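Visitor: I would like to learn how to read a protein model, one feature at a time. Could you show me the structure and then take me through it?

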Amino acid sequence: MSNYYRPNMYLKDIYQIPIKDLKQRKIKALVFDLDNTIVRTDEKVPSPEVVNYFATLKKDFALFILSNSPSKRVKPFGDKLKIKYYSLSLKPSTRNMKKLLRENNLKKEEVILIGDQYMTDMLLAKKLKLNTILVDPISNNEFKITSINRFLEKKILKKLKEEKLLEKGKYYYE
């Protein structure tokens, strides 16, 4: 296995994002997965902590949500955080990510995709050669379809660990 599956950064959660470093790298936009990246799957609106953190991030970056969930799930978060969102993305399909880049006049090298899943978030980013940040899932409570992805993800994680490319709980950023 090559470095193909290795994310550019592996962080405990979104609050560990190295803002100063990303600004120095000329990153203009952060694209977040929603469920188990920003919030737990059972949350209906973002917590005050998430709202405050996103307000801080907005000072330096354009922010977006790119989610596989339907609009009725994603809209309350986009509205409350006052950021643009793309729902029903069918990740790892590249369709909505390409649309996001085009509509917001962004180049691939100016964007980082942040998510908790290999089989959706990381694979989408790798297909488009985007920079990636993998975070640990916030909760073990997940949608049914995610359990299939997690099964496949375990195989990838095992191989990455064997090749000393990534080990869960050993965080890094390049």
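Guide: Let us begin with a term: a salt bridge is counted when a side-chain nitrogen of Lys or Arg lies within 4 Å of a carboxyl oxygen of Asp or Glu. Please keep in mind that this is a predicted model, in which local features need pLDDT of at least 70 and side-chain atom pairs count only at pLDDT 80 or more, while totals for chains, interfaces and linings use all residues. Residues are numbered from 1 along each chain as its sequence is written, and side-chain values use heavy atoms, with hydrogens and water left out.

Visitor: How many salt bridges does the structure hold, and with which residue does K91 form one?

Guide: Side chains of opposite charge can pair when their charged atoms come close. The structure holds 10 salt bridges, and in one of them K91 pairs with D121, the closest N and O atoms being 2.7 Å apart. This pair links distant parts of the chain, for K91 sits in the loop between strand 4 and helix 4, whereas D121 belongs to helix 5 (residues 118–128), 30 residues apart. Helices (H or I, at least four residues) and strands (E, at least two) are DSSP runs, numbered from the N terminus.

Visitor: Are K91 and D121 buried or exposed?

Guide: The cut-offs are these: buried means under 20% relative accessible area, exposed over 50%, and partly exposed in between, with a 1.4 Å probe and protein chains only. K91 counts as buried because its relative accessibility is 6%, and D121 is buried with a relative accessible area of 0%. Salt bridges that share partners join D33, K91 and D121 into one network. Within it, the side chains of K91 and D33 meet at 2.9 Å, N to O, and this pair too links distant parts of the chain, with D33 in the loop between strand 2 and helix 2, 58 residues from K91.

Visitor: Which residues of helix 3 are buried, and what do they pack against?

Guide: An α-helix has 3.6 residues a turn, so residues three or four places apart point the same way. In helix 3 (residues 71–81), the buried residues are R73, V74, F77, G78 and L81. Seen down the helix axis, they fall within an arc of 115°, so they line one face of helix 3; the arc is that of the directions from the axis to the C-beta atoms. These buried residues pack, with heavy atoms within 4.5 Å counting as contact, against helix 2 (48–57), strand 3 (62–66) and strand 4 (84–86).

Visitor: What follows helix 3?

Guide: Helix 3 is followed by K82, whose phi is positive, near 60°, although K82 is not a glycine. K82 lies in the loop between helix 3 and strand 4, and with a relative accessible area of 67% this residue is exposed. N105 also has a positive phi, near 50°, and is a residue other than glycine; N105 is placed in the loop between helix 4 and strand 5. Another backbone feature involves P92, where the peptide bond from K91 to P92 is cis, with omega near 20°.

Visitor: How many residues does the largest nonpolar core have?

Guide: A nonpolar core is a set of buried Ala, Val, Leu, Ile, Met, Phe, Trp, Tyr and Cys residues joined through side-chain atoms within 4.5 Å. The largest such core here has 26 residues, and those with the most contacts inside it are I17, L30, F32, F54 and I114. Elements that give two or more residues to this core include strand 2 (29–32), helix 3 and strand 5 (111–115), and the largest share, 4 residues, comes from helix 2. Apart from this core lies another, of 15 residues, among them M97, L106, L128 and L130.

Visitor: How many helices and strands does the protein chain have?

Guide: The protein chain has 6 helices and 7 strands, which run from the N terminus on as β-α-β-α-β-α-β-α-β-α-β-α-β. Its radius of gyration is 15 Å, close to the 16 Å that the globule rule gives for 174 residues, so the chain is as compact as a globular protein of that length; the radius is taken over C-alpha atoms, and the rule is 2.2 Å times the number of residues to the power 0.38. Of the 174 residues, 50% count as buried, and residues 24 or more positions apart account for 68% of the contacts with a separation of 6 or more.
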